[in-house]
Amino acid sequence: MYNKLISFQNLYFAYKECLRRKRNTKSAQEIEPVYETTLWKVKRELKNKTWRPRPYRAFVVKEPSLREIFAADFQDRIVHHALFRIINPILEPTFIFHSYACRKRKGTHLAVKNLQKSLRRYSKYGRQVYFLKADVRSFFTSINKEILIKLVEKKIKDGDVIWLIKKIVLTNPAEEAIKVGDLSLFNKIPKHKSLFWVGEERGLPIGNLTSQLFANIYLNSLDQFVKHILKAKYYFRYVDDFIILNTSVKKLENYIKSIDGFLQKNLFLQLHLEKTFIKRIEEGIDFLGYVVRPNYILVRKGVIKNFKKKIFEAKKKSKNGECLNPDSLQATFNSYFAHFDHANSYRLKEKLKLNFENLLTA
């Protein structure tokens with residue numbers, strides 16, 4: 001398995017995957033003229049086990065909430081993709097159907113679509129249905145690395161592949177990280193949500209392809225517990241956000257206790273109880289940027305607010321005589337409207353489209 005992982009062919013395909021949507025970045029442009037030499041160098045390092053992750057670039061994003069992002073060096077991203085290409089086909093069949101993050105032919109839109117289908121099916125004939133919505137407190141910074149590696153070792157038996165996984169997982173990305181962007185934002189992040197504070201034994205960097213896969217491995221234990229021990233039929237998870245449907249409020253309340261107990265005992269995690277609640281489905285399920293009901297789907301108000309904010313800020317710059325980048329504005333518009341397309345949002349789109357066109361012609 002390891003020989004296949006470090007083969008030039010696998011590294012080449014991993015490199016091509018890294019280039020998608022990143023071709024115009026400085027790091028990609030620096031490597032492109034010498035990519036063959038770079039790939040042979042990476043191959044030698046992996047073969048001789050002298051490879052080690054290079055320093056990360058750390059920055060803070062404001063949307064959808066304030067959080068740290070750790071961007072791996074471009075050469076390291078090639079290694080991440082090469083690893084993913086080999087181990088994901090082994091791990092994929094072990095995941096439940098209704099786990100939607102970082103999986104081919106899954107994603108947010110299918111999760112929302114299937115959730116609505118289940119709402120319709122389950123609430124037929126006037127049946128009153130309730131939903132439990134919950135997430136895990138500080139999930140990525142709370143992942144226990146020792147537990148994660150033990151879970152991986154149950155599925156991956158090649159010792160050399162495990163060596164590489166340990167190199168990636170056990171490296172502390174904050175140790176040599178180069179902070180970029182608005183440095184004052186780092187001070188605004190709570191310590192329990194920052195890899196600069198949680199300690200070396202915990203936490204995965206948000207931004208790595210491998211972190212998303214490892215997150216699925218870690219919470220697959222929860223998925224199996226909910227589906228096979230609690231016997232919850234209608235259960236949907238995207239990273240650490242999950243929904244459970246049931247006709248009994250009492251049963252959903254018991255699920256909260258059982259799930260929180262399982263997480264604490266087996267994964268050293270906790271439910272975010274302030275964000276965990278039970279409601280009637282008629283109130284709408286706020287999930288992945290949408291509000292889902294049996295008969296229609298709306299765009300979440302926060303998403304609309306962010307889009308309007310971007311338009312307002314662009315108008316303000318235009319009035320102040322600043323030069324706007326039409327391509328950047330169009331990309332923002334396309335991104336948001338692709339999100340709106342998966343909801344019942346015709347009137348919303350027509351209104352926002354008019355505001356956007358007025359901005360471009362101002």
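**Figure 1. Helix H6 against strands S5 and S6.** In this predicted model, helix H6, made of residues 108–122, lies across S5 and S6. The direction of H6 is at about 165° to S5. Helix H10, residues 209–229, also lies across S5 and S6, and H10 runs at about 170° to S5. Strand S5 covers residues 234–238 and is mostly covered, with four of its five residues buried.

Figure 2. Is Ser118 buried or exposed? Its relative accessible area is 5%. The cut-off for buried is under 20%, so Ser118 counts as buried. Leaving aside residues up to four places away in sequence, Ser118 touches Tyr234, Phe236 and Leu245.

Figure 3. Strand S6 spans residues 241–246. S5 and S6 run antiparallel and are joined by five bridges. Two of the facing pairs can be picked out by name. Tyr235 stands opposite Ile244 in S6, and Arg237 stands opposite Phe242 in S6. In a regular strand, side chains alternate between the two faces of the sheet. Two residues lie between the strands of the hairpin. Val239 takes a positive phi near 55° in this hairpin. Most residues other than glycine have a negative phi.

**Figure 4. The four-stranded sheet.** Which strands form this open sheet, and in what order? The order is S5-S6-S3-S7, and the pairing is antiparallel. S5 and strand S7, residues 277–280, are the edge strands, each of them pairing on one side only. On average, and with direction ignored, neighbouring strands of this sheet are turned by 20° against each other. Strands of a sheet pair through backbone hydrogen bonds, either parallel or antiparallel.

Figure 5. His98 lies in the loop between helix H5, residues 74–91, and H6. With a relative accessibility of 18%, His98 counts as buried. The residues touched by His98 are Asn114, Tyr235, Phe236 and Arg237, not counting those up to four places away in sequence. Of these, Tyr235 is the residue that stands opposite Ile244 in S6, and Arg237 is the one that stands opposite Phe242 in S6.

Figure 6. Strand S9 is made of residues 290–292 and pairs with S10 in the antiparallel sense over three bridges. Tyr290 stands opposite Val299 in S10. In the loop between S8 and S9 lies Leu288. The phi of Leu288 is near 60°, a positive value in a residue other than glycine.

**Figure 7. The pair of helices H8 and H9.** Two packed helices are described by the angle between their axes and the distance between the axes. The axes of helix H8, residues 145–153, and helix H9, residues 159–170, come within 11 Å and cross at roughly 160°. Angles over 145 degrees count as roughly antiparallel, and H8 and H9 are therefore roughly antiparallel to each other. Their crossing is right-handed. On H8 the contact is made by Lys145, Leu148, Ile149, Val152 and Glu153, and on H9 by Ile162, Ile165, Lys166, Val169 and Leu170. By class, the contact of H8 with H9 has seven nonpolar residues, three charged residues and no polar ones.

Figure 8. Trp40 is found in helix H4, residues 35–48. Its relative accessibility is 41%, and Trp40 counts as partly exposed. The C-alpha atoms of Trp40 and Lys22 are separated by 21 Å, the two residues being 18 residues apart along the chain. Lys49 is placed in the loop between H4 and strand S1, residues 57–61. At 34% relative accessibility, Lys49 counts as partly exposed. What value does phi of Lys49 take? It is near 60°, a positive value in a residue other than glycine.

Definitions and conventions. Residues numbered from 1 in each chain as written. Predicted model: local features only at pLDDT ≥ 70, side-chain atom pairs only at ≥ 80, totals over all residues. Heavy atoms only, no water. Buried < 20%, exposed > 50% of the residue type's maximum accessible area, 1.4 Å probe, protein only. Pairing = 2+ DSSP bridges. Axes fitted to C-alpha atoms, helices over the stretch in contact; angles between N-to-C directions. Contact = heavy atoms within 4.5 Å. Parallel < 35°, antiparallel > 145°, perpendicular 65-115°, else oblique. Left-handed = near helix turned anticlockwise from the far one by under 90°. Nonpolar A, V, L, I, M, F, W, Y, C, P; charged D, E, K, R; others polar.
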